[in-house]
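Please read them with the model open.

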Amino acid sequence: MFLILGDIWFWDLRTLSIYYKHLALTCLALLMIAPITISPAGDQRGFERQISYRIDLFLDFNSMLLKANQSVLFNLPMGVDDVCFKVYPNAFQPDGWIEITDVKVEGVPFKSFRLSEKDDTTLVVPLPGDISYDKRIKVDLSYIVKVPKEEDRFGYFDGILALGNWFPILAVLEEEEGVWVSHPYVNMGESFYSECADFMVTIRVEGEGDFVIAATGSLVEQKKAKNITVQTWRARNVRDFALTVSPDYEVYETTWENITIYSYYIPEHEESGVLAAKFASRCLQVFSEVFGRYPYAELRVAEVNSWFGGMEYPGIVFISSKLYSNGNESFMRDLLQRVIAHEVAHQWWYGVVGNDQYEDPWLDESLAEYSSMLYYRFVYGDKEFRRAFEEYVANGYYVYLEEGIDLPIAMTMGDFPSIESYNAIVYSKGAMVFRLLNSIIGDEAFFKGLSSYYKRKKFGIAVPEDLIEAFEGASGKELDWFFNRWFFESGVPSYEVMNATSQKVGKGYVVRVVLRQNVSEGSPFSLPVTLEFVCANGLNFSYSRWVNETLSTLEFQLPCSPVKIIVDPEDVIPGRDFGWGEVEKIKGENRSEIPPSVVLLFLLVMVTIALLAITIYSRRSGINLPDRRKHCQGIVRLRIKSSMLT
Ligand SMILES: [Zn+2]
């Protein structure tokens with residue numbers, strides 16, 4: 001469905017919310033607080049996991065040392081003899097780390113825990129032999145965390161503390177094999193994988209200033225004593241808990257229906273901070289209507305100092321301070337909007353529908369990237385969608401292809417050789433292929449597929465087959481061929497018109513096109529390819545035909561004779577194409593507007609006229625004819641000139 005909204009720059013902007021407003025809401029939330037219930041994190045894999053965390057966090061804002069006591073309650077299937085937590089701060093050694101100081105299992109101190117994984121990011125706690133699997137198991141952890149001074153999702157920089165992936169989080173158990181999934185930390189993307197759980201987190205911040213905290217879930221209680229700020233946050237059915245803290249933050253809030261959106265920003269970035277909330281609010285509206293409703297009462301957008309554009313966590317997204325500005329730079333504002341759209345889309349793909357971000361990064365990244373472009377389409381219309389898609393998505397892939405090699409989209413994080421290849425293949429090519437699928441099965445089936453995928457895997461964990469099945473169910477078509485060729489194999493097609501003829505038949509024309517499909521790697525693609533015919537009178541006609549072969553002869557009935565044929569005019573199919581008599585779409589590789597046959601004919605006529613004129617002149621004046629060699633050079637020079645026409 002389309003959802004064209006008014007121009008964002010003319011929205012009436014509310015006055016900035018002031019802190020007492022936040023307090024009033026907190027009191028209201030306290031009145032409404034219900035007892036914590038255990039939420040199922042089941043995903044129809046046969047065993048319904050029930051996980052809850054209670055964390056008391058003490059944060060010294062001066063030393064950037066965290067001390068925490070954490071209780072985790074979870075159930076396990078029979079026979080599992082250890083439990084694994086991911087402890088990502090160790091990936092930041094030596095500047096950032098976590099030290100586990102105490103472990104208790106069912107209240108009994110336990111010393112034989114150890115760190116594993118090549119970067120020490122897995123904590124293994126063996127379970128005692130007499131453990132009961134009939135009820136939930138309780139593991140208490142005490143630990144100290146050092147936050148590095150870095151512009152990162154886990155780091156402190158320039159007054160803003162970003163705490164992503166900061167606490168020991170229960171790993172995911174592969175029940176069939178009875179093993180815990182453990183991946184190393186990955187800097188260039190995500191390697192996170194966890195199940196939905198309930199959280200109750202009390203945060204005590206010590207330091208000078210009025211600290212503002214933005215976190216996953218809802219603020220349910222807060223107080224301030226001397227130089228200690230205490231807040232308790234509660235979140236249900238979320239697969240992680242992240243927060244940011246700053247004494248400098250201003251807060252702006254807005255709402256969409258009954259969901260409150262908070263934006264946190266430093267005072268110099270007020271204009272962008274307010275816009276960030278507006279953008280996020282519109283994302284919530286668009287994605288809720290297209291994919292299924294956002295399931296939480298609040299969403300937070302927090303400015304952080306980071307080397308990346310944005311980072312997703314449940315109920316909160318971190319957005320780079322570099323994207324906030326207060327001038328009239330429309331480019332920067334659009335970049336802010338584009339990044340927020342991507343990160344908010346992750347609330348659906350990664351947040352509510354989880355996946356192993358190391359094993360199948362495309363499952364959430366490619367979808368989030370395409371969703372961010374759908375935001376442009378539903379908010380601003382098709383023209384803006386095409387502009388944003390070319391600028392933010394397709395260009396990245398084509399620029400990469402000039403030097404890099406194409407790779408399958410469905411690879412693990414560890415398979416990508418560089419951040420450039422990861423970005424180009426998973427984000428750009430992945431989004432391009434989802435757009436192609438959208439085009440092939442149509443809007444109705446595509447969005448029905450995504451909403452049923454969201455509904456079926458809500459708060460669970462999805463694997464690629466779940467997504468394929470959802471699209472197959474919605475479209476009524478078998479789609480393995482599409483996913484296998486486009487996601488699990490590499491290579492893209494390039495279509496080239498080898499020959500085109502037009503013959504007048506009755507009142508119209510029969511146009512025959514010989515189309516060649518060049519494939520950069522692997523077997524030929526089977527796809528509907530659109531050809532746009534442009535006639536001399538300016539009219540144009542588009543037709544789509546399934547093309548399976550390397551060489552295809554296609555026939556079309558047209559009311560006029562075309563002077564130009566454009567292959568895949570909207571670049572729906574990834575890959576460069578070459579039409580007939582057209583200016584090539586790829587910048588810097590422009591071809592002649594004039595078809596080669598016309599150029600040759602023109603040259604022959606010109607040369608003949610010149611020869612005739614010289615012959616007549618020489619006969620009259622007695623001058624000798626130029627020799628053949630010079631004549632040829634003349635043609636060569638003319639050819640060079642014609643090829644420079646753009
Ligand atoms: Zn992403």
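1. Which way do D82, C84 and K86 point from β3, and which way V83 and F85? D82, C84 and K86 point one way and V83 and F85 the other, and all are buried, that is, under 20% relative accessible area (1.4 Å probe, protein chains only). In a regular strand the side chains alternate between the two faces of the sheet.

2. On the basis of the notes: this is a predicted model, with local features needing pLDDT of at least 70, side-chain atom pairs counting only at pLDDT 80 or more, and totals for chains, interfaces and linings using all residues. Residues are numbered from 1 along each chain as its sequence is written, and side-chain values use heavy atoms, without hydrogens and water.

3. β3 (residues 82-86) pairs with β7 (residues 122-126) in the antiparallel sense over five bridges; strands are DSSP runs of E, at least two residues, numbered from the N terminus, and two strands pair if DSSP finds at least two bridges between them. D82 stands opposite P126, and C84 has V124 as its bridge partner.

4. β3 also pairs with β11, again antiparallel, over two bridges. K86 has I169 of β11 as its bridge partner.

5. The open sheet has four strands in the order β6-β7-β3-β11. β6 (114-116) and β11 (169-170) stand at the edges with a single partner strand each, so one side of each is left without a neighbour in the sheet.

6. Elsewhere, both H342 and E365 are buried. The donors of the zinc ion follow the spacing H-x3-H-x18-E along the chain; donors are N, O and S atoms within 2.8 Å of the metal (3.2 Å for Na, K and Ca), and water is not among the atoms, so sites may look incomplete.

How values were computed: Buried < 20%, exposed > 50% of the residue type's maximum accessible area, 1.4 Å probe, protein only.
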